[in-house]
Amino acid sequence: MSIPKTLLVVKNRAMGDSVMTLATIHYLRDRLPGTKIIYGVPKWIAPLYANVQTHADEIIPLDFSSLSNTLKMRQVLKAKKIDTVLELFQSGRTSKFFKIWSFLGGPRYRFHNHHTHKGDVHDQGVIKSNIQRDLDAAWTYFGGGQFPPSFLGYAPQMKVEGINKESNLVILGVVATRPTKMWPLENYVALTKLLEEAGKKVIIPLGPGDNEIEDYLKGKIATSASIIKAPLKELPLALAPAAQYIGNDTGLKHICVALGIPTFTLFGPEPPTEWHPYDPLLHPYYFRTPLECRTKTAHYCGLHSCESMICLNEFSPVQLMERLKL
């Protein structure tokens, strides 16, 4: 194994994916204590890490959206004297850039594309936890020992200084990337009331594009609940005091895990195998199985909308409270 002096880890994916890779950054820090580790994430996600500490020495924004931005990106990366690149969950645009740069005398380029069964990475193409796939790649190129580390030994970590915990504060994650991943909003309204009756204070984080959800919730949520729309760089500061996250499988959940907040996740069309790479004893979840509709074409349901939503609609707020023993 050639030990890099400056390693760039790349994850050109969604926000939740970028947070999960912090677990592998932790592993690489343990394995390569003398290496400078730079973590490259999409430009729009980078502000999330402005006010937190991670195991990376530096987190930088990546922007390959145009030829001019790509050329600027090359100058920025070249100035950092990177000698090795590890791209996780390889994407087409970044793959072309790093292959060409490496061919022209740039850094060594290592990658993991889990969509193919061909490659150097341990268990290439095997369906498994997202974090485990990343760890398999890091272990293949930089690891030691007979077997890769387990995802149960590495969780993402984001540390925020000077935050006081509030034992009664609960985060509700009501949004998701598509409607079929969302527990019905009316259930969250009912849950908010039950949580308030149990002495809890509820916050509901929403993004700038969630105006319809905000309009629906206003006037319906319990008196102690509040909707927050914090800029991405301030979001970890707003979430860190909470004692519990309850909600859909979305990037917000992964941020809470990284902040050390216990979670309870509602899974609908997608099984937790890949997208809940955490100890279920620490981060339990609801997942109704078996359902034939999930396995007709793949190991998950890819529908954007669904009339029945039997995977989520038949789990009530009262049942959730009982599951949490609140």
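Here are some notes on the predicted model above, point by point.

1. Ground rules. This is a predicted model, so local features need pLDDT of at least 70 and side-chain atom pairs count only at pLDDT 80 or more, while totals for chains, interfaces and linings use all residues. Residues are numbered from 1 along each chain as its sequence is written, and side-chain values use heavy atoms, with hydrogens and water left out.

2. The α2/α5 pair. Helix α2 (residues 22–31) packs against helix α5 (residues 130–142) at about 25°, the axes being 9 Å apart. That makes the two helices roughly parallel. Helices (H or I, at least four residues) and strands (E, at least two) are DSSP runs numbered from the N terminus. Axes are lines fitted to C-alpha atoms, for helices over the stretch in contact, with angles from 0 to 180 degrees between N-to-C directions; under 35 degrees counts as roughly parallel, over 145 as roughly antiparallel, 65 to 115 as roughly perpendicular, and the rest as oblique.

3. What touches what there. From α2 come A23, T24, Y27, L28 and R31, and from α5 come I131, D134, L135, A138, W139 and F142 (contact means heavy atoms within 4.5 Å). Those residues split into eight nonpolar, one polar and two charged. Here Ala, Val, Leu, Ile, Met, Phe, Trp, Tyr, Cys and Pro are nonpolar, Asp, Glu, Lys and Arg charged, and the others, Gly among them, polar.

4. R133. This arginine sits in helix α5 and is buried, at 3% relative accessible area. Buried means under 20%, exposed over 50%, and partly exposed in between (1.4 Å probe, protein chains only). Leaving aside residues up to four places away in sequence, R133 touches F89, H112, H114, V126, K128, E274 and W275. F89 is itself buried at 9%, and it has a positive phi of about 55° without being a glycine; look for it in the loop between β4 and α4 (92–103).

5. Other backbone spots to check. Most residues other than glycine have a negative phi, and most peptide bonds are trans. K81 also has a positive phi of about 55°, but K81 is exposed at 68%, in the loop between α3 (67–79) and β4 (84–88). There is a cis peptide bond between T289 and P290, with omega about 0°, and P290 belongs to the loop between β11 (285–287) and α11 (317–324).

6. Salt bridges. The whole structure has 17 of them, a salt bridge being a side-chain nitrogen of Lys or Arg within 4 Å of a carboxyl oxygen of Asp or Glu. K128 pairs with D136 at 2.7 Å between the closest N and O atoms; K128 is buried at 14% and D136 at 1%. R108 pairs with D83 at 3.5 Å. R108 is in strand β5 (residues 108–112) and D83 in the loop between α3 and β4, so this pair ties together parts 25 residues apart in sequence.

7. Around α9. D249 and K181 meet in a salt bridge at 3.6 Å, N to O, linking the loop between β9 and α9 to the loop between β6 (169–173) and α6 (185–197), 68 residues apart. Both ends are buried, D249 at 5% and K181 at 10%. As for helix α9 (residues 251–258), eight of its eight residues are buried, K253 among them.
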